[in-house]
Amino acid sequence: MMNFKFFLCVLCVLCGRTALAYEIRAERMETAQEGEVLRRTYTGRVEALVDSVAVRSGKAVYFSGTEEVVFSGGVEAAEGARRVLADTLVYLLKERRAVASGDVRVTEGGREFRADRVLLLRGADRVEAVGRVDARYGE
């Protein structure tokens with residue numbers, strides 16, 4: 001476990017009938033109110049756990065108005081055997097889906113594919129790849 005200097009933030013979002021809890025650890029956090037929307041920006045060795053998905057990145061921004069977290073800067077996401085590497089990952093909390101973009105690489109077991117954009121649907125355990133898809137299947 002990494003030693004973080006400033007904080008641990010645990011937030012809950014109402015997702016249907018249940019609360020979806022997530023936590024973010026980083027070296028720094030800034031909060032800004034923009035009208036009705038609260039924006040929290042996390043920087044410096046960001047580690048998050050969102051809906052059982054572990055995410056690492058250089059930066060994360062939470063927007064209360066859209067209930068989303070935007071991860072950027074060398075994003076690595078993992079759940080079970082599935083690993084996702086991308087430039088950006090937008091996690092839509094209420095919808096339980098994520099959109100990875102920018103040189104996306106997904107590996108799971110002996111399978112690997114790359115694409116420009118990948119949609120990960122959590123409830124359906126489904127992955128959709130769009131744009132220059134290159135898939136490889138091994139043992």
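**R111 and its surroundings**

I began with R111, which is in contact with V106, R136 and Y137 once its neighbours within four places in sequence are left aside; contact here means heavy atoms within 4.5 Å. Before going on, I noted that this is a predicted model, where local features need pLDDT of at least 70, side-chain atom pairs count only at pLDDT 80 or more, and totals for chains, interfaces and linings use all residues. Residues are numbered from 1 along each chain as its sequence is written, and side-chain values use heavy atoms, with hydrogens and water left out.

I placed R111 in strand β9; strands are DSSP runs of E, at least two residues, and helices are runs of H or I, at least four, numbered from the N terminus. R111 and Y137 are 26 residues apart in sequence, yet their C-alpha atoms sit 4.5 Å apart in space. R111 comes out as partly exposed at 43% relative accessibility. The scale I used: buried is under 20% relative accessible area, exposed over 50%, partly exposed in between, with a 1.4 Å probe and protein chains only.

**Salt bridges**

I found 13 salt bridges in the structure, each one a side-chain nitrogen of Lys or Arg within 4 Å of a carboxyl oxygen of Asp or Glu. R111 pairs with E108 at 3.7 Å, N to O, and E108 is partly exposed at 25%.

Next I checked E34 and R39, whose side chains meet at 2.8 Å, N to O. E34 is partly exposed at 39%, and R39 is partly exposed too, at 27%.

Then I looked up R132 and D116, with their closest N and O atoms 2.8 Å apart in a salt bridge. R132 lies in the loop between β10 (126–130) and β11 (134–137) and D116 in strand β9 (residues 111–121), so this pair ties together parts that are 16 residues apart in sequence. R132 is exposed at 71%, whereas D116 is partly exposed at 28%.

I also jotted down a network of salt bridges that links D103, R105, E112 and R114.

**The core**

Which residues have the most contacts inside the largest nonpolar core? They are V55, V69, F71, L89 and V118, in a core of 28 residues. β2, β4, β5, β6, β7 (82–92), β8 (97–108) and β9 each supply at least two residues of this core. For the record, a nonpolar core is a set of buried Ala, Val, Leu, Ile, Met, Phe, Trp, Tyr and Cys residues joined through side-chain atoms within 4.5 Å.

**The largest pocket**

I get a volume of about 150 Å³ for the largest pocket. A pocket is an open set of points on a 1 Å grid over the protein atoms alone, where a 1.4 Å probe fits, with protein on both sides within 12 Å along at least five of seven lines; lining residues have an atom within 4 Å of a point. The lining has six nonpolar, no polar and six charged residues. Among them are E23, R25, L49, V55 and R83. β2 (18–26), β4 (37–50), β5 and β6 each supply at least two lining residues.

**S64**

Last, is S64 buried or exposed? At 18% relative accessibility, S64 counts as buried. S64 lies in the loop between β5 (53–63) and β6 (68–79) and touches E36, V37 and L38, not counting residues up to four places away in sequence.

Key. Grid points are joined across faces, edges and corners, and a volume is the space filled by probe spheres set on the points. Ala, Val, Leu, Ile, Met, Phe, Trp, Tyr, Cys and Pro count as nonpolar, Asp, Glu, Lys and Arg as charged, and the others, Gly among them, as polar.
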